[in-house]
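Reader: I have not looked at this one before. Can you show it and take me through a few parts?

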Amino acid sequence: MGLNVYLSGEIHTDWREQIIDGAQGLDITFNSPVTDHDASDDCGVAILGAEPNKYWHDHKGAMVNAIRTRKGIADADVVVVRFGEKYKQWNAAFDAGYAAALGKSLIVLHGPDHQHALKEVDAAALAVAEEPRQVVEVLRYVLTGKLPG
């Protein structure tokens with residue numbers, strides 16, 4: 001059995017690389033949104049034309065990015081959503097809700113400081129992890145039935 005895993009959320013740390021590196025040797029295909037912040041912000045106007053109003057600039061980018069996000073989540077067996085420490089990731093919360101609405105297996109990744117703020121998101125998840133290595137261990141267990149250590 002293989003897994004298609006979509007890695008959503010925070011783009012300012014290397015958590016995706018930690019999970020991908022930790023999962024070497026497992027039958028997992030990883031996908032994610034565009035993690036180049038400038039490209040993600042400016043894709044709409046770079047492709048479809050400039051917008052003088054920042055709202056419409058952002059709106060175009062969000063719509064173009066949504067094509068990739070919807071496809072990635074729809075095709076995923078497991079969706080991992082990371083909430084980072086520095087920024088409020090409203091898009092991550094939206095992705096978690098979208099994945100839950102589609103009945104996807106959801107793993108949420110965040111530190112203890114976000115437990116209260118994310119209690120509803122956590123309640124929709126099948127696992128809530130604090131470290132990327134825990135996500136890797138969940139995926140390893142799902143695929144192999146083996147516990148860590």
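Reader: Which residue in S2 is the bridge partner of Asn4?
Author: Thr29 is the bridge partner of Asn4 in S2. This is a predicted model, where local features need pLDDT of at least 70, side-chain atom pairs count only at pLDDT 80 or more, and totals for chains, interfaces and linings use all residues. Residues are numbered from 1 along each chain as its sequence is written, and side-chain values use heavy atoms, with hydrogens and water left out.

Reader: In what sense do S1 and S2 pair, and over how many bridges?
Author: S1 and strand S2 (residues 28–31) pair in the parallel sense, over 4 bridges. Strands pair if DSSP finds at least two bridges between them. Strands (E, at least two residues) and helices (H or I, at least four) are DSSP runs, numbered from the N terminus.

Reader: Which helix does the chain go through from S1 to S2?
Author: The chain goes through helix H1 (residues 15–22), in a right-handed β-α-β crossover. Right-handed here means that, with the strands pointing away from the viewer, the path from the first strand over the helix to the second runs clockwise.

Reader: What about S1 and S3?
Author: S1 also pairs with strand S3 (residues 78–82) in the parallel sense, over 5 bridges. There, Leu7 has Val80 as its bridge partner.

Reader: How many residues of S1 are buried?
Author: In strand S1 (residues 3–9), 7 of 7 residues are buried. Buried is under 20% relative accessible area, exposed is over 50%, and partly exposed is in between (1.4 Å probe, protein chains only).

Reader: New topic. Where is His114?
Author: His114 is in the loop between strand S4 (105–109) and helix H5 (119–124).

Reader: Why does His114 count as buried?
Author: Because its relative accessibility is 18%. His114 touches Phe83, Gly84 and Glu85, leaving aside residues up to four places away in sequence; contact means heavy atoms within 4.5 Å.

Reader: How many salt bridges does the structure hold?
Author: The structure holds 6 salt bridges, each a side-chain nitrogen of Lys or Arg within 4 Å of a carboxyl oxygen of Asp or Glu. One of them joins Lys54 and Asp58, with the closest N and O atoms 2.9 Å apart.

Reader: Where do Lys54 and Asp58 lie?
Author: Both lie in helix H3 (residues 54–75), 4 residues apart, about one turn of the helix. Lys54 is exposed at 52% relative accessibility, while Asp58 is partly exposed at 36%.

Reader: What is the N to O distance for Lys71 and Asp75?
Author: That salt bridge is 2.6 Å, N to O. Lys71 and Asp75 are also 4 residues apart in helix H3, so about one helical turn separates them.
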